[in-house]
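Trainee: I would like to learn how to read the features of a model like this one. Please show me the structure, and I will ask as we go.

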Amino acid sequence: HNNAVTAVGLQALLRAGRSSLKELELWGMRIGDDGAKVIADALVGNNSLERLYFCPGYSNVTSEGWSAFSRILCDTSSVNDTYISNHTISNIGGYQSHSAPNTTRFHLFLNTNFHSKEVATLKLLMHHGDIDMIPFFRWKLMFLPLVVDWFQRARPCWEAIHLMVPGEQILQFEDMSALHGFFTEEPEAYQSRELSAMYKFVRGMPMLAVGKEEEE
């Protein structure tokens, strides 16, 4: 409620190594897009904050500021960036969060209704249909059982979100086109993903061996 508090000050608060803050109310602050970006940046790696309240209209947060919040909820730049996105905050903007983009609201919905590990799994499945296996080659075939195990543990998450959210509901929003493929995916397609990942991993191992021989 204090306009004297700056966005940089809030960033320091949220980045505090042992921050246990679960709720932050900024109803009376005009944080603007620049402030939203600073706060969003501070939420990277923050696993404690669950609710961030502010009035979108009064705070002067536009689509640019919401984009920053969307990115920290699910950064699709790479598999690792998606995995380390924020999976704990469940409310951004408070009671007027209807002004948030649909993708932002959906990722907040995931954070609210699933455990953080399940959320990370779902975001990976939704945004990385073809997971790059190359970074895992250094573990050789020892990593293959982990690949299989991950897909087996991820399947209940896949099934749960398809039961919870009708695909038609997602398909009606053009700004959620990145999720359309996932929500029209049949169970057989999920199994194909698993088999494809294993195939690419095994196929890549001889290439890795050849590369080492050439170096020698």
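Trainee: Leaving aside its neighbours within four places in sequence, which residues is I39 in contact with?

Mentor: Keep in mind that this is a predicted model. In soluble globular proteins, nonpolar side chains tend to be buried together. Here, I39 is in contact with L10, L14, L26, I31, L52 and F69, with neighbours within four places in sequence set aside.

Trainee: Which residues touch the most other members of the largest nonpolar core?

Mentor: That core has 24 residues, and those touching the most other members are L26, I39, L52, F54, F69, I89 and I92. Helices α1 (7–15), α2 and α3 each supply at least two residues. The largest share, 5 residues, comes from α3. Another core, of 22 residues, lies apart from this one and includes M126, I161, F183 and A197.

Trainee: Which residues of helix α3 are buried, and what covers them?

Mentor: An α-helix has 3.6 residues a turn, so residues three or four places apart point the same way. In α3, residues 63–73, the buried ones are G65, W66, A68, F69, S70, I72 and L73. Their cover includes α2 (32–42), β2, β3, α5 and α6.

Trainee: At what angle do α5 and α6 pack, and how far apart are their axes?

Mentor: Helix α5 (residues 102–113) packs against α6 (residues 116–127) at about 145°, and the axes are 9 Å apart. The crossing is right-handed. On the α5 side, F106, H107, L110 and N111 make the contact, and on the α6 side V119, L122, K123, M126 and H127 do. Sorted by class, the contact has 5 nonpolar, 3 polar and 1 charged residues.

Trainee: Why does E118 count as partly exposed?

Mentor: The class follows from relative accessibility, with buried meaning under 20% and exposed over 50%. E118, which lies in α6, counts as partly exposed because its relative accessibility is 33%.

Trainee: How far apart are E118 and C157 in sequence and in space?

Mentor: E118 and C157 are 39 residues apart in sequence, and their C-alpha atoms are 6.6 Å apart in space.

Methods: Residues numbered from 1 in each chain as written. Predicted model: local features only at pLDDT ≥ 70, side-chain atom pairs only at ≥ 80, totals over all residues. Heavy atoms only, no water. Axes fitted to C-alpha atoms, helices over the stretch in contact; angles between N-to-C directions. Helix = DSSP H or I, 4+ residues; strand = E, 2+ residues; numbered from the N terminus. Left-handed = near helix turned anticlockwise from the far one by under 90°. Contact = heavy atoms within 4.5 Å. Nonpolar A, V, L, I, M, F, W, Y, C, P; charged D, E, K, R; others polar. Buried < 20%, exposed > 50% of the residue type's maximum accessible area, 1.4 Å probe, protein only. Core = buried A, V, L, I, M, F, W, Y, C linked by side-chain atoms within 4.5 Å.
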